[in-house]
Amino acid sequence: MLLIKNGYMIDSRSGRQGEYDILIEDKKIVKIAERDAAGEQIGEAVCEKDCQVIDAAGLIVAPGLVDVHVHFREPGFTHKEDIDTGARSAARGGFTTVVLMANTKPAVDNPETLEYVIKRGLETPIHVTTCANVTKGLAGKELVPMKELATKGAVGFTDDGIPIMDVELVRRAMEEAAALDMPISFHEEDPAYITNNGINRGKASEFFGIGGSPREAEITLVERDLQIAVETGACINIQHISTKEAVELVRRAREKSSNIHAEATPHHFTLTEEAAIKYGTLAKMNPPLREEADRLAVIEGLKDGTIDIIATDHAPHTAEEKAKAITDAPSGIIGLETALPLAITSLVKEGHLTLAEVLQKMSTNPAAMYHLDAGYLAEGGPADLILIDQNAGQVFTEYASKATNTPFTGWELQGVVKKTICDGNVIYEA
């Protein structure tokens, strides 16, 4: 048994906040007891003598975070990251559940690769789930056997990293995903508009003397896919939204369908294209960092619920790859370990969102979209929790990930994950 006492609990699903003791046994929360006015630890009264006690005085106790957009690079690219190191990085960041993207080699477009990834995930201390691809070989030509892969354990579908350009194929994919009651996530960048990906067309592209990636690349596909989603009733997720126009398109579409979701990354609500100029390839990502008006629109979308998910798009690359020229280096940054501190620093401390609202977008909402038993604290619920010191600061100089490709190294950020607990076991402590 494990007793967490003296902490301030925030559960966004129930809306419950306050001073509670939480008792855990056999991977489940068995008791949540409110302390009385005298500060009595009521939960301790039901804790037997062999109980491990964690004193969470001064800390926030919240559900383990859920990231529905991560790349652990296995199989095929384990020199960048593997499922073991990705899981350790997630645990350090407070994530107890992750959803892997399927752009591996081989791709997760067949039962054998899917079963391999699921098996490897079960060997880690966190809950590792995975999407399957939408199209075979990420080629955008033929749908995968979606029903079969759902039966084998895929939690959703995505060709993340590559946009699907065949509009009728997109429609058929949405129709099948809707019939399966499963989410389908879209990477929205039309390559017809892009000269050099990863860098915004504007001040940043002019600085590097390249064509860059214009906002229209995102806007056109977001508009197309939202329309199809409204028509089919599919549950879709617009991934890593970056433009003010796309935020507004999602806002309007959500008025027509409750099955439309959108995610923002910490780098898109924290940085602008100025960071690409300053940090070079360490701030190169798809879609690229945009202008200040876009960053503020993303924040406004988070505030009013248009954007209901915060996801990292954790994308590890080697130092050698990122040392290449701006046009040759791969896009993407790591993000699991800095995500919550960035959200606290950029959103909570700046007065845009409350911590409860941030936690809802980083646990409750993503878990609900993927139908995962995660992202909440309740008796009988999973014993996946994090303990946070929201007022402590930290400077990131090293990572549990294999990779270090991030512009946030050396930044002083607010908020420290003190402990991560998954299935009732302490899997990380600062």
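Predicted model: local features only at pLDDT ≥ 70, side-chain atom pairs only at ≥ 80, totals over all residues.
**Helices**

Let's start with α6 (residues 216-232) and α7 (residues 244-254), which pack at an angle of about 10 degrees with their axes 9 Å apart. Angles under 35 degrees count as roughly parallel, so α6 is roughly parallel to α7. On the α6 side, the contact is made by Glu-218, Ile-219, Val-222, Glu-223, Leu-226 and Val-230. Facing them from α7 are Glu-245, Ala-246, Leu-249, Val-250 and Ala-253. Sort the residues of this contact by type and you get eight nonpolar, three charged and no polar.

Then there's α12 (residues 339-348), a mostly covered helix with nine of its 10 residues buried. Among the buried ones are Leu-340, Pro-341, Leu-342, Ile-344, Leu-347 and Val-348, and Ser-346 is buried too.

**Strands**

| Pair | Sense | Bridges |
|---|---|---|
| β14 (residues 385-395) and β15 (residues 412-422) | antiparallel | eight bridges |
| β15 and β16 (residues 425-429) | antiparallel | four bridges |

How many residues lie between β15 and β16 in their hairpin? There are two residues between them, and Asp-423 in the turn has a positive phi of about 55 degrees. As for side chains, in a regular strand they alternate between the two faces of the sheet.

How values were computed:
Residues numbered from 1 in each chain as written. Heavy atoms only, no water. Axes fitted to C-alpha atoms, helices over the stretch in contact; angles between N-to-C directions. Parallel < 35°, antiparallel > 145°, perpendicular 65-115°, else oblique. Contact = heavy atoms within 4.5 Å. Nonpolar A, V, L, I, M, F, W, Y, C, P; charged D, E, K, R; others polar. Buried < 20%, exposed > 50% of the residue type's maximum accessible area, 1.4 Å probe, protein only. Pairing = 2+ DSSP bridges.
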